[in-house]
Amino acid sequence: METAELKKQLKEQIVKFLNLLSVKPEDIKDDEPLFGEGLGLDSIDSIELIVLLSREYGIEIKDPKEGRKILVDVNTMVAYIEKHRTK
Amino acid sequence: MFYIHKTTCISPQQTFSAVDIEHLNEPVNNKFQAVEPSYEGIPPGILRRMGKAVRLGVGAAMPLVHHSTQPPDGIIIGTSMGGLEDCIKFLNQVIEYNEGMLTPTNFVQSTSNAIAGQLGLLSKNKGYNITHVHRGFSFENAILDAAMLLKETPGTNYLIGGVDEISSYNYNIEYLGGWYKKEIFSSKDLYTPGSVASIAGEGAAMFLVNDQSTGAEAQLKAIHIFQTEDIATVGNQLRQFLEKNLPAGEKPDLLLSGENGDSRFLKYYTTCETLTGNDITIARFKHMMGEYPTVSSVAVWLACEIIKQNALPQHMLKSKSPDRDFKNILIYNNYKGLQHSMMLVSKAENQ
């Protein structure tokens, strides 16, 4: 899968998994921070994103420190998915 | 028992903010879905995680919490099912993902006490917080709880309410159990004689209550609940209820009947109508709200509205007696022909 296509798919999954009612996938910028001032996600959302990676891409994140580096924005998530996906 | 000071209701009708119960919204495919407001005041991050029952309950209650002069000493909610839709979503994930990693959101939001819990968290209310889950008596037990607390500690305030949602799971199970009609019915056809089962409904009604009459909208004078399938018992219990709670020789001005279009249970409602006599007005409400375990909370909300307006919409009338002010309203409801409740809602003494 091309990187651009993977980014589009991931954005759709983020909106669906987190039930972001007022956000369209195309509204999420690739380098927009997921937490804090960007998309404004919180700690419960980080669990949802970890589950998303596990279910959709077969990626298990066990170390919270590792998670902090991956769940920064769409770019960092896609880079990690491309490197570690098992499905 | 206690005084009702402020009320809100989210229902299939226009009962929230700009109230208009003259206009009748019709059920769609035998389901009376609630008309949901925009839920201003609930942070979007929290709102997006809420299941429907939680949205309805919290959405109905928040205006009362915000506008009350002093925070309630307790939050007491009655719900039979809680957020069943999300509960089933969670359980389905166990199968769908082969017992793999699960997220807690659906589960946390689907428990029956999520409504009262979220209300406590959002309003930073650390007082008494409890949820009653007794099928058709859930809301009635919330009332009894508040009444007992007020007797124990006079001068306190409570937020009480009844909430239930239509979930695809409970609708299908109840439909297969013969509780919902097989043919499509409109509001005006609901009470067609000889037809069994009813139509589904959902909603949330909330009340701020205390023992102070000043500024009260209405008074909940008495409540009585019991389980029986025996018509004679229903008649006897009603007779005793009225004798005990109304001055000798007086009758209620209005019977607000929970008749639901199910001919199997019409006998109970007819018994009440016969006992109260043909000189009082009889009104029905399930052609507006549908049938669900905590619909009696909406009946109490309607009674408060009727007392406030001293009038009721034409479509609610089953029979009308000569002009009489609505000072005492008797609500009789039964759930599945077994759980019976009687409530007397009266004009507050200062009104």
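I started in chain B, where H8(B) passes H9(B) in a right-handed crossing. For handedness I use this rule: left-handed if the near helix is turned anticlockwise from the far one by less than a right angle, right-handed if clockwise. Helices (H or I, at least four residues) and strands (E, at least two) are DSSP runs, numbered from the N terminus.

Before going on, I note that this is a predicted model: local features need pLDDT of at least 70, side-chain atom pairs count only at pLDDT 80 or more, and totals for chains, interfaces and linings use all residues. Residues are numbered from 1 along each chain as its sequence is written, while chains are lettered from A and ligands numbered from 1 in the order in which they are written.

**H8(B) and H9(B).** I looked up the geometry: the axes of H8 (231-245) and H9 (266-276) of chain B come within 9 Å and cross at roughly 35°. Axes are lines fitted to C-alpha atoms, for helices over the stretch in contact, and angles run from 0 to 180 degrees between N-to-C directions. From H8(B), the residues meeting H9(B) include Val234(B) and Leu238(B); among their partners in H9(B) are Tyr268(B) and Leu275(B). By class I get six nonpolar, two polar and two charged residues there. Here Ala, Val, Leu, Ile, Met, Phe, Trp, Tyr, Cys and Pro count as nonpolar, Asp, Glu, Lys and Arg as charged, and the others, Gly among them, as polar.

**Domains of chain B.** The assignment (automatic or database) gives domain 1 as 2-210 and domain 2 as 219-346. Their centres, taken over C-alpha atoms, are 22 Å apart. I find 45 residues of domain 1 in contact with 34 of domain 2, contact being C-beta atoms, placed from the backbone, within 7 Å. The domain 1 side has 24 nonpolar, 16 polar and five charged residues.

**Chain A.** I checked confidence next (pLDDT, the predictor's own, per residue, from 0 to 100). Chain A averages 89, and 100% of its residues score at least 70.

H1(A) packs on H4(A) at about 115° with axes 10 Å apart, so the two are roughly perpendicular (65 to 115 degrees; under 35 is roughly parallel, over 145 roughly antiparallel, the rest oblique). The residues of this contact divide into six nonpolar, one polar and three charged.

**A to B.** Lastly, I see twelve residues of chain A in contact with nine of chain B. The chain A side holds five nonpolar, four polar and three charged residues.

Note on methods
Contact = placed C-beta atoms within 7 Å.
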